[in-house]
Structure formats: C-alpha cells, structure tokens
Amino acid sequence: MSKSWPGLVTHYRDRLRLSPHAPAITLLEGNTPLIPAPKVAERLGGDCEVFLKYEGLNPTGSFKDRGMTAAISQAVADGARAVICASTGNTAASAAAYAVRAGLECMVLIPDGKIALGKLAGAIAYGAKVIAISGSFDDGLRMVREVADRTQIALVNSVNPARLEGQKTAAWEVCEQLGRSPDWLCLPVGNAGNISAYWLGFTECGDCSCGSKPQLLGAQAAGSAPIVTGIRVDNPETRATAIRIGNPARWQQALTAIEESKGTILSVTDEEIFSAYHFLARKEGVFCEPSSAAGVAGLIKSVDAGRVVVKDKRIVCVLTGHGLKDPDSAVADAPEPTRIEANLDALMRVIDA
C-alpha cells in the first residue's frame, strides 16, 4: 500500500457504493497491521499460521472508523446537518469524531451504566451530545431509527448501508496483506454488521485476485448469543460490553454469511473471552478490548472441540478494538504493584526474589 495513505474513501472510492460527489471525510483510517501470532498458532497445535488484524489502531481505536468514514461522507453528500446513533461505546466515539471532522452535530444514545469508560470518554471528548437511556442497546437502536424516520438527522448505525461499504474494505486489506484470502476469518459478533461487511468484501474481492473466500467463524458472548440460539435476548449480559446486544440489526445477513462461507457461529463464556484477552496481551504483546478477543476464544474452543480443523490452514482473527477502550477490565483482576523504598537495595531484593 502507498506510504502516503489517503484514507479508505479515497483509496477505494472506485469500489465503494457512495455518491460520486461525496467528500472524503477522513482521519486516515484503515491500513491497519496484520500481525503474526505464533503463540496462538502454537496453542492450536502449531501446524497452522495465525494472524491478528489489529483494528484497534484505527484513529478512534476501533474498526468502527472504517464504516464511519463512509457513513459520514455519504451523510454530508446527502445534506445532513446532524447524525445520531445508538452505541455500546465504539460507534459513539467514532461517530462523534467523524462528525466533528465534517462539521456536523452528533447525538449518541448509550445504555446507562453499561458502557466501558474509555469509550464514553471518547464520545465526550469529541463533543457529542451523550444521552444515557434506562434500557439496552436494542432499545436505543429502536429509538434512533424512529428519530431518523421522522427527521432529517442521519442515522449512522450499521443499518446504514454506507457503514458496510466502509467496513468491507478490511476484507480487501487482509487479502492484499496476505497475498490471498485466508482459510478462516474469525471475529466477534454483536450487532452483526462487521461479519456481514467482511463477507460482502470477500464476495466482491474478485478484482484483487485473492483466490477462494474464507470460512467465517463468528463468536457471540454466551449471555448475548441470539444468533447462536435463534432467540432474541431481552436482557443481554456479558462483561464484553461491545457485543452485549440481544437483537442484532444484521442478524439474517450474518446467518447468510456463515452459511455461504460454510462457516460456523458459536457462543463463548466470559471466562473464555477473558482468557483469550489475557493470552493475547501476555503471550503476543497485543492489547485489545475484551470483546475483541471473542473471535480468538471461539477459534480455540472450536479447535479444542474438534469442530474446526486448522492443520495447514492460514487463519486471520479480527481484533476489533484497542485495549485502552476498556481500561477497567485491564486492571480489574490485576495484582497490586510491588511497593518498595526508593533505594537500590530494596530494588535488588525484588529483582532477586
């Protein structure tokens, strides 16, 4: 890719379904690294290659920036003066940042008390009007959809088709970085926009000559797994707040992606998610938010159960957000730091212990 990266809308404009006159509202998102993960491969048996698509290095710290650059660019082209979204955190921060870039007002609805501090801080810092509701993300999404139907305020949740246009570019980047399509692509599933967007990207990837499409592995948190169970969850629960969604907007599209890719979707417990989260940080040196590790947790669980065979396979796990999105989780179970007097003897005793 070019060293002078122009952002997704400019780089991929001829392959995106956006208005031709839409300006590129960009923070130079995309072009995120694909990091080899030999320790994960070793955990899976050592006879495969594993890579981490680290979307936490987008400008606001999550994959949402891919879709938001496209959604806000299209909103400006459509004459919007304000945007609105419901969010468990990452969408709120991304929408707020790109709205500022475009000179638009931004309003975000969040579930009161159920959003990670690092994400709330982003939305506030970018100047969004943050509205906490006494309900779930799904309640918020219903409300903002009704607002968009009644007003000229642009809705920028993943039900907005421009969001998927931006997010599908990650599939193209993976193919460009690997030189071909992976055999498996594993990722967390919340509102199901991302898994739908990746599949859209892979199905449109003929121009990049990457070969066959990957199988998709989607992982939902056990307390918020409506696609896995086939039943809407009215009160979803999980410590992985980004995927605490009980009625995904792209539910059917995600099922189609899983079916067409001959993939699988499963639930993982919070314990399994956090085990993968700590493993990535302590063994691979990659710090992601807890929900980002759900895809890795699902991959490990599937391989251990014999549900997925990875021998001689090339696997990409998508890490959707940076670890600093949820600092509370990073320190919640951490031991207290060792405290000593400020002298060399005390330090040496700790080093030698």
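Reader: Which element gives the most to the lining of the second largest pocket?

Author: That's α3, with three residues. This is a predicted model, where local features need pLDDT of at least 70, side-chain atom pairs count only at pLDDT 80 or more, and totals for chains, interfaces and linings use all residues. Residues are numbered from 1 along each chain as its sequence is written, and side-chain values use heavy atoms, with hydrogens and water left out.

Reader: What counts as a pocket, and what as a cavity?

Author: It's a 1 Å grid over the protein atoms alone: a cavity is a set of points where a 1.4 Å probe fits but cannot get out, while a pocket is an open set with protein on both sides within 12 Å along at least five of seven lines; a lining residue has an atom within 4 Å of a point. Points join across faces, edges and corners, and the volume is the space filled by probe spheres set on them. The second largest pocket comes to about 180 Å³. Its lining includes Ala 71, Gln 74, Ala 75, Ala 154 and Leu 155. The elements giving two or more residues to that lining are α3 and β6.

Reader: How many cavities of 30 Å³ or more does the search find?

Author: One, over the whole structure. The largest cavity has a volume of about 290 Å³. It is lined by 26 residues, and closest to its centre are Phe 63, Lys 64, Gly 190, Asn 191 and Ala 242. Two or more lining residues come from each of α4 (90-102), α7 (161-167) and α9 (193-203).

Reader: Why does the span of α4 agree with a helix?

Author: A helix here is a DSSP run of H or I with at least four residues, a strand is a run of E with at least two, and both are numbered from the N terminus. The expected span is 1.5 Å times one less than the number of residues. For the 13 residues of α4 that gives 18 Å, and the end C-alpha atoms are 18 Å apart, so it fits.

Reader: Why is Phe 279 called partly exposed?

Author: Its relative accessible area is 21%, so it falls in the in-between band. Phe 279 lies in α12 (270-284). Beyond four places in sequence, its contacts (heavy atoms within 4.5 Å) are Lys 39, Val 40, Arg 43 and Glu 284.

Reader: Why are β5 and β6 at the edges?

Author: The open sheet runs β5-β4-β3-β6, with parallel pairing. β5 (129-133) and β6 (154-155) have a single partner strand each, so one side of each lacks a neighbour in the sheet. Pairing takes at least two DSSP bridges, and β3 and β4 have five.

Note on methods. Buried < 20%, exposed > 50% of the residue type's maximum accessible area, 1.4 Å probe, protein only.
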